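Please keep the sequence and the model at hand while reading.

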Amino acid sequence: MVERRWRRSGRALLRVIVVWAVSTLTMLALAGLLPDFQLQSDDGDSITRTAVTAALGAGAFGLLSALVWPVAVRALLLVSALVLGLLVFFLNGSLLLIALWLIPDGRGAADPVTAVVVAAVMSAVASATSTALAVGDDDAYRRRLSRLADRRRRRRGEDGRAGTPGTVFLQLDGVGYEVLRRAAKDGVMPTVAAWMDENHRLTPWRTDWSSQTGAGQLGILHGSNHDVPAFRWYEKDSGRVMVSNRPSSAAELQRRAVERTGDGGLLTVDGASRGNLFSGGADQVALVLSVAVRRGRANRSRAGYFAYFSDPANAVRTAMSFVAEVAREIGQSTRARLRGDRPRIKRGGLYPLIRAFATVVERDVVVAAVMGDMLAGRTAVYADLVAYDEVAHHSGPHSRDASMVLERIDRSLALIAKVADHTPRGYRIVLLSDHGQSPGETFQGAYGLSLKDLVRAGCGLPVSRRAERSKRGAEARDAAGNALRGALHRRVAEGADEHPAPGPGPIVLASGNLALISFPDTSERLSREQIEHRHPALLSTLANHPGIGFLLVRSEEHGSVVLGPGGVEVPVTELADSGPLAVFGRGAADAIRRGDSFPHVADIMVNSMHDPEAGTVHAFEEQIGSHGGLGGEQAQPFLLSPVDLSAPVADGAELVGAEAVHRVLRRWLRECDGPQVPIGPAEASPPDRAP
């Protein structure tokens, strides 16, 4: 035993010496290449003296990185995550300048900009050297993981692995059932393909009308997404616009869900929530939006950044990957523009930075946090990987860009699976998604004006200059004018006011291919009759537009009704998956009925058209891959679960709605010699629906 420890210590010392030597050579090479970086006195030095200076500088830089980085990163948790990622280079450059200052006789000096470059290169080379040595040293990585797990078990007084397995839920945001199936079949995701072939079952499920993360994840983690009509909506009682990814809104939505269900959520007992909109009741949180509004020590959402960036090798590797991802996005968008790809949207401005944060920084931090949770032996972990969703919005869900992101996600899944071999308890890994994405040209790209412009034209209000200049915008105004004249003629014949006073401009909020139109000057939901009295052309203009599939409004005579092109009108109580809803597939009528029951449903709910042959929709915002409403693959996410867990639904049944998925996940947690989740009122929810 003593001899083995000496041998391991010797190997560790040898690795330190090798990394130090490589860093020294790197510093010497950079001093020869960069004119503003020197390792000699002004009078010149011998080769031996210069080498000693480089060795001192490399050693001081490595020591400072090990000692100062953890403290610096903890202090920088007060800044935003994106700024933290960009400051990595500046911090490393500062440490190098300090290391050069510590060299005796002032032989080391560098321009500040040059110092940033030198520090980045040295950190990257040191990290690569250390990793290469570990890989070649009899699977050192595996031994390190085993040691970490053993230490935790000893602290807990445990002998061997715990008998109760834990569960890791990994949400692949925006990855639809068909996208995952094709990626596995085509070799894009070999880890997922192996799981599907060997020990996992793939199950599709159907979203609610609001097919987006706010509704999906709230239902999955907290058992209720009641009164979440879209990603964005206006609440007349408070005069507030709710946005699912706004911290204050996320906190309020979580509070409402907990109040409605009577329990804290899926992760209330020994759970961890990583990279999510909502906490699920977990005590351990990192990058969770609903707790980001907390102040002081109660907000631990950024703790995951400290755990990851306190390692300077992690910080530099992620920072360099961040820069590479920015360059990759610029290159991909440039090639798409030169090829004349259609559909296509603008991808400039801050988007390359936003994409790099989602696909690199958040991925690295979340994956590291999940592995830490597994090594800590937590009972339940739920994490969201958002990289695919972000890229698919701008490049398309079936694009090569999105496929490359899926390849990198698959490598992260393989790493997590490898860590599971060294954890203090066994783990079952469940993959799932909250929604898919449907491709298609944007509404504005297809018709030359935004939905907001169309609504304003239908209300007889001024529209944007771009819509004024657009040929299709002119066509829309002409159609609105014709409808307005016809409506006014009918109302005169009926003895109505010839010039109804228009109310203030409506609020138009887009959530993918679902849009909500609200009139803020009234406290109640306006009826169809009230809307037509105010704006006689509006509803007919919208319902007959080729880019719109149907409208939902409340009628004083028939209750809520669905309006379609050509004067189609179907009361919600009589709605079926046919007629104006035929192209939207099974379950559309039930989804609309449920959405219509929400207290904060908008005055007018607008769902875009859907081409079932091409699978396309029109997003009402700048996205060529979208989700949020009905139509296409966006409404069919997936569950990929180990076969030793019970089947999500019985044969012949269909899993419908995020709340039903929550009940399945609760059941799986209880199957592990639980109860990990308290049994509460949410269990009284209706059973999964059969087709």
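Two strands are said to pair if DSSP finds at least two bridges between them, while helices (H or I, at least four residues) and strands (E, at least two) are DSSP runs, numbered from the N terminus. This is a predicted model, in which local features need pLDDT of at least 70 and side-chain atom pairs count only at pLDDT 80 or more, whereas totals for chains, interfaces and linings use all residues. Residues are numbered from 1 along each chain as its sequence is written, and side-chain values use heavy atoms, with hydrogens and water left out.

Strand 5 (residues 232–235) pairs with strand 6 (residues 240–243) in the antiparallel sense over four bridges, and Arg-232 has Val-243 in strand 6 as its bridge partner. The hairpin that these strands form has four residues between the strands, and in this hairpin Gly-239 takes a positive phi near 65°.

Helix 8 (residues 213–222) is largely enclosed by the rest of the structure, because 10 of its 10 residues are buried, where buried means under 20% relative accessible area, exposed over 50%, and partly exposed in between (1.4 Å probe, protein chains only). At the start of helix 8, a side-chain oxygen of Gln-212 comes to within 2.6 Å of the backbone nitrogen of Gly-214, and helix 8 is followed by Gly-223, whose phi is positive, near 80°.

Among the buried residues of helix 8 are Gln-217 and Leu-221, and both are touched by Asn-276 (contact means heavy atoms within 4.5 Å). Asn-276 lies in the loop between strand 7 (271–274) and strand 8 (284–286) and counts as buried at 2% relative accessibility. The side chains of Asn-276 and Gln-217 make a polar contact at 3.3 Å; a polar contact is a pair of N or O atoms within 3.5 Å, of which, within protein, one must be able to donate a hydrogen and the other to accept it, and residues adjacent in sequence count only if both atoms are side-chain atoms.

## Salt bridges

Side chains of opposite charge can pair when their charged atoms come close. A search of the whole structure finds 32 salt bridges, each being a side-chain nitrogen of Lys or Arg within 4 Å of a carboxyl oxygen of Asp or Glu. One of them joins the side chains of Asp-603 and Lys-236 (2.9 Å, N to O). Asp-603 lies in the loop between helix 21 (588–596) and strand 17 (604–608) and Lys-236 in the loop between strand 5 and strand 6, so the pair ties together parts that are 367 residues apart in sequence. Both Asp-603 and Lys-236 are buried.

Arg-355 and Glu-325 also meet through their side chains in a salt bridge (2.9 Å, N to O). Because Arg-355 lies in helix 12 (residues 351–376) and Glu-325 in helix 11 (residues 312–339), the pair ties together parts that are 30 residues apart in sequence. Arg-355 and Glu-325 are buried, and they belong to a network of salt bridges whose members include Arg-328, Asp-401 and Arg-408.

## Strand 10 and its partner

Strand 10 (residues 425–432) is mostly covered, since eight of its eight residues are buried. Strand 10 pairs with strand 21 (residues 638–642) in the antiparallel sense over two bridges, and Leu-431 stands opposite Leu-640 in strand 21.

Methods:
Lists of a residue's contacts leave out its neighbours within four places in sequence.
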